[in-house]
Amino acid sequence: MIGCKVILKGALNRDVLVKQVYLSKCCPASFVSFIPFLDGEWVKESNGVYWACMEFIPGRSLLYSIKEERQLASEKVAQFHQEATGHKFRNIPIISLKQKWTTRFFRFTNSVQPDLFSAEQNLLIQRYIKIGQDVLSEMNVDDLEKDAFHRGYIVHGDPAHHNFIFNQHSLFLIDGDLAVYAPKEYDYIQLINRMLPFCNWSLEEWGNYRIPALNSCLTNSSLRRLLAYPADFYREWLMEPSGRKELLIKTAQQDGDRTAFMNLVLK
């Protein structure tokens, strides 16, 4: 489209871009549009990197510290699920959440060096290791994942605040690199995990949303337990090794509320 502003999105894996072009076609109200190059091609390769043209939309990320924007995110994810459901496409993989979380858990435990931290910090680390073990040991989602694939449920895979583009006219999900066939609840487990620090580690707010997949995360005991898994802590620890002491300080400040929350959902 001549004259349309775009952002060149790159990836080392062609399928990562192809699936997002596909999602932009089947989810026009919830996922950012992609535009072909002038010669009609949707994805091009240059020096081992693949490129696609994502429509430029002026705006900002959502702020999960604002209740109204937390609701907007939840509703937009629901709209994405509604638009994406039933589409079958070979470039979209199937997820095993237990395998993904187990891999991250062992990466985390293997990276811990107790000599670098205080006794109090090591106790906190060990408690978060124990929580991860408890969640993984009783995690049984194989049938749920098989059913999701059979029904053609596609999730965004990373509904972080920066993966929404928001302005006074529109709200779209962007960066669907991690989109997979999976239970819809998986997006809400991530959403809730990211939003809880702004809600005093309380689930009360989400009980007011009439979104079936979100409600399942609150009422289904097996799914509710997954909310205790400290995915954010493991993720930040592994992504920012130089910031681990700061992460421990931040985590300790929230530890009372978070520990009470984890004990509650693990009952």
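Q: Which residues of helix H6 are buried?
A: Start with the idea. Buried means under 20% relative accessible area. In this predicted model, the buried residues of H6 are Glu-185, Tyr-186, Asp-187, Tyr-188, Ile-189, Leu-191, Ile-192, Asn-193, Arg-194 and Met-195. That makes 10 of the 11 residues in H6, so the helix counts as mostly covered.

Q: Take one of them. Is Asn-193 buried or exposed, and why?
A: Compare its value with the cut-off. Asn-193 has a relative accessible area of 7%, so this residue is buried. Its place is in helix H6.

Q: What does Asn-193 touch?
A: Leave out residues up to four places away in sequence. Then Asn-193 touches Leu-227, Tyr-229, Ala-231, Asp-232 and Arg-258.

Q: And Asp-143: buried or exposed?
A: The cut-off for exposed is over 50%. Asp-143 has a relative accessible area of 60%, so Asp-143 is exposed. This residue is found in helix H5.

Q: How do I read empty space in a structure?
A: Rolling a probe the size of a water molecule over the atoms shows where empty space is left. Here, the largest pocket holds about 940 Å³ of space.

Q: Which residues are closest to the centre of the largest pocket?
A: The lining has 40 residues. Closest to the centre are Gln-190, Asn-193, Arg-194, Asp-232 and Arg-235.

Q: What classes of residue line the largest pocket?
A: Sort the lining by class. The largest pocket has 22 nonpolar, eight polar and 10 charged residues in its lining.

Q: How much space lies in the second largest pocket?
A: About 210 Å³. Its lining has 14 residues, and Tyr-153, Lys-184, Glu-185, Pro-212 and Ala-213 lie nearest the centre. Glu-185 is also one of the buried residues of H6.

Q: Which helices each supply at least two residues of the lining of the second largest pocket?
A: Helix H2 (67–84), helix H5 (142–151), H6 and helix H7 (212–219) do. By class, that lining has nine nonpolar, two polar and three charged residues.

Conventions. Residues numbered from 1 in each chain as written. Predicted model: local features only at pLDDT ≥ 70, side-chain atom pairs only at ≥ 80, totals over all residues. Heavy atoms only, no water. 1 Å grid on protein atoms, 1.4 Å probe; cavity = no way out; pocket = protein on both sides within 12 Å on 5 of 7 lines; lining within 4 Å. Points joined across faces, edges and corners; volume = space filled by probe spheres on them. Nonpolar A, V, L, I, M, F, W, Y, C, P; charged D, E, K, R; others polar. Helix = DSSP H or I, 4+ residues; strand = E, 2+ residues; numbered from the N terminus. Buried < 20%, exposed > 50% of the residue type's maximum accessible area, 1.4 Å probe, protein only. Contact = heavy atoms within 4.5 Å.
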